[in-house]
Every structure is written in structure tokens, then in C-alpha cells.
Amino acid sequence: MRNIPTDLLRAFVTVIDLKGYTRAGERLGRSQPAISLQIKRLQDLIGAPLFEKDSGGTLLTENGQLVANYARRILSLNDELVVKLSRRQLGGRLKIGLPNDYADHFLPLLLADRHARSEGAGFDVVCDLSVNLFSAFREGGFDLIVAMSEGSAAEGAWMSWRQPLSWVGLPDEAVDEDGVLRLVAYPEGCLYRRAMLAALQRDGRAYDIVYTSPSLAGLEAALTTGFGVTAFSRDILPPKLVGLARPASGMPALTDLVAGIYLRPGKASAHIESLAARIADLFAASAHDMVA
């Protein structure tokens, strides 16, 4: 099987389009003799003349017409591949970490963002608890994470804001006959879980964790059936759920968390910062009290 170099096909197509060897050489940055030599090499590989001898090098033979059609298709695929590779090399493949409910709320908006898509990067997205995201981030496992922390500030965050919490569920249905409040929660390590347990302990309220799941859909199923109550970020509640108003609900106050966007130290390129800014714009529409 013979391999036909694409530079020979490009020279051939350019001669056809510009109707001359000299103009084709000017377009491709080569001399007229160099273009003539490329056409000769192509004809030798094909094993047949590509131009009619008496046409001055402008009229294609039957084989020339066939080769021209294939050459344009081959060059089109070649150029498409080069463009895609250059975009991937420019943007890279970014690994992003998000908490489950943040991903559910913001990923559809981010993926629909024309600017984010036009950056040319691929995305590997991992959804996990903030504590696990921070751990992997410190080990260099992510280019960018959005995660929550306790306290009044998010150390090292590219941007951070206070994230108020809300009780969610049907409290009247989630209390056992002996007055124990049934809780639905993410696994141990979840900051929502810590916040609601701290609030209940301060209030002296009896509780029992009756259902845990790492899946947001799993928690929604339990909450919508009255199996228990839980705490979520107030600004990004899943559409199926409604926050409980205080103090009418009788539930204790929850301490705010701090959400932040974190960029990998020493690896933050202009491309990653541009993506972080687009994520921040999406969060700003929902988050309260955005701070630098």
C-alpha cells in the first residue's frame, strides 16, 4: 500500500485552484521549480499523469480529476485534525471538582455556556464531598475545584462567598412518636451534616440519622417522601425541594459555610482563570454576599 504525503496533495490542489505553478508556489511559500517537483513526485506515486500535456498544466486528466476529489477530502480531514489538536494543546483537559448539589445546579449552565465551550478544553468532572475535594486538590489531583469550608474565610481561594444553609424536608412527618427528629444526610465528612448536627446539639434536640447517601437523587427521594429532613445550601436548592422558613418551622438556626473557587497553585493559566471567572459569574447569580 502506497502512502501519499499530504504536502504533495496540497501542492496539487493549490495549482488547480490558482491555475498555475508560480502562483501556487507564492501561496505555499515555495519556488515554482519546487512545486513542479512535487507534482512530478505525486504523478510518480499515482502512476499516471494528472494534467493533459497540451493544456499548459491547467487541464486535468481523468485520473487527475479523481485524485483532486480525494485530495480535497483528505486535506479537509487533515486540517480538521490539526485544528482540534491545536485547540486541545491550547486549552488542555481540565479536571474539575464540585460538590454533588453544586454540580447538579451549575453544570448544565456551564456546559451550555458558549464561551466555555469555545475555549477548546475538555473536562473531567468529579463530584464528591468538599473534604475529599480539598484532599485531592492538595495532592495536585484537580486544576480547579469549587468547595465549601467552615469558618469566616476560605484560605487560598481565588474567590469566596458566604453560603447560607436551609433546612429541607417535611418536619411534621420526620418526627417519631417519641419526639426524635429523623435526619437524612450525606456520608460522614459532609459539612451540611456537621452544621445540622451542631445546630441540633446546641438546641438540645433529639435526633437520629436514619438515611445516608452519597447521591443527591437518593437524598431527594427520602426528603420528598417525608422520610427525614436535612440541610442544603439555601441558594442552590434542587428544584424538587423547598427550604423551611425559620422560625416558623421550629428548626434551629444553621451556621453559614464559606464556598470558594480554588485554582491549582503554580498551574493556573489564563485559560483556567477565564473558566474560573465564568464559573464565578454563574455562582454570583445565586450566591449572596460575594467577597473577593
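The model is predicted, so local features are described only where pLDDT is at least 70 and side-chain atom pairs count only at pLDDT 80 or more, while totals for chains, interfaces and linings use all residues. Residues are numbered from 1 along each chain as its sequence is written, and side-chain values use heavy atoms, with hydrogens and water left out.

Let us begin with the whole chain. Its secondary structure comes to ten helices and ten strands; here helices (H or I, at least four residues) and strands (E, at least two) are DSSP runs, numbered from the N terminus. Of the 292 residues in the protein chain, 44% are buried. Buried means under 20% relative accessible area, exposed means over 50%, and partly exposed lies in between (1.4 Å probe, protein chains only). The protein chain exposes about 15700 Å², with carbon and sulfur atoms supplying 51% of that area; accessible areas come from the Shrake-Rupley method with a 1.4 Å probe, and for residues only the protein chains shown count as cover. A contact means heavy atoms within 4.5 Å. Among contacts in the protein chain with a separation of 6 or more, 74% are between residues 24 or more positions apart.

Now to the inside. A nonpolar core is a set of buried Ala, Val, Leu, Ile, Met, Phe, Trp, Tyr and Cys residues joined through side-chain atoms within 4.5 Å. The largest such core holds 54 residues, and the members that touch the most others are Y102, L144, W167, Y192, F232 and I261. Leaving aside residues up to four places away in sequence, I261 touches L144, I145, V146, A157, W158, M159, W161, A276, I279 and A280. Apart from this core lies another, of 18 residues, with L9, A24, I35 and A68 among them.

Strand β5 (residues 165-169) runs antiparallel to β8, and five bridges join them; two strands count as paired if DSSP finds at least two bridges between them.

Which residues of helix α7 (residues 130-138) are buried? They are S130, L133, F134 and F137. Because these residues cover an arc of only 100 degrees around the axis, they sit on the same side of α7; the arc is that of the directions from the helix axis to the C-beta atoms. The cover over the buried residues of α7 includes the strands β1 (93-98), β2 (122-127), β3 (144-149) and β9 (257-263). Just after α7, G140 takes a positive phi of about 85 degrees. In the loop between α7 and β3 you will also find G141, which is partly exposed with a relative accessible area of 28%. G141 touches K95 and A136, not counting residues up to four places away in sequence. The C-alpha atoms of G141 and K95 are separated by 7.6 Å, although these residues are 46 apart along the chain.

Charged side chains come next. A salt bridge is a side-chain nitrogen of Lys or Arg within 4 Å of a carboxyl oxygen of Asp or Glu, and by this rule there are seven. One of them joins D44 to K40, with the closest N and O atoms 3.3 Å apart. Because D44 and K40 are four residues apart in helix α3 (residues 32-46), about one helical turn separates them. D44 is exposed at 52% relative accessible area, while K40 is partly exposed at 46%.

Another salt bridge joins R194 and E150, whose closest N and O atoms are 3.6 Å apart. This pair links distant parts of the chain, 44 residues apart: R194 is in helix α8 (residues 191-202), and E150 is in the loop between β3 and β4 (159-163). R194 is partly exposed at 35% relative accessibility. A further salt bridge brings together D176 and R182, at 2.7 Å from N to O. D176 is partly exposed at 29% relative accessibility, whereas R182 is buried at 15%.

The last stop is V180, in the loop between β5 and β6 (181-185). V180 is buried, with a relative accessible area of 17%. Not counting residues up to four places away in sequence, V180 touches A174, V175, A206, Y207 and D208.
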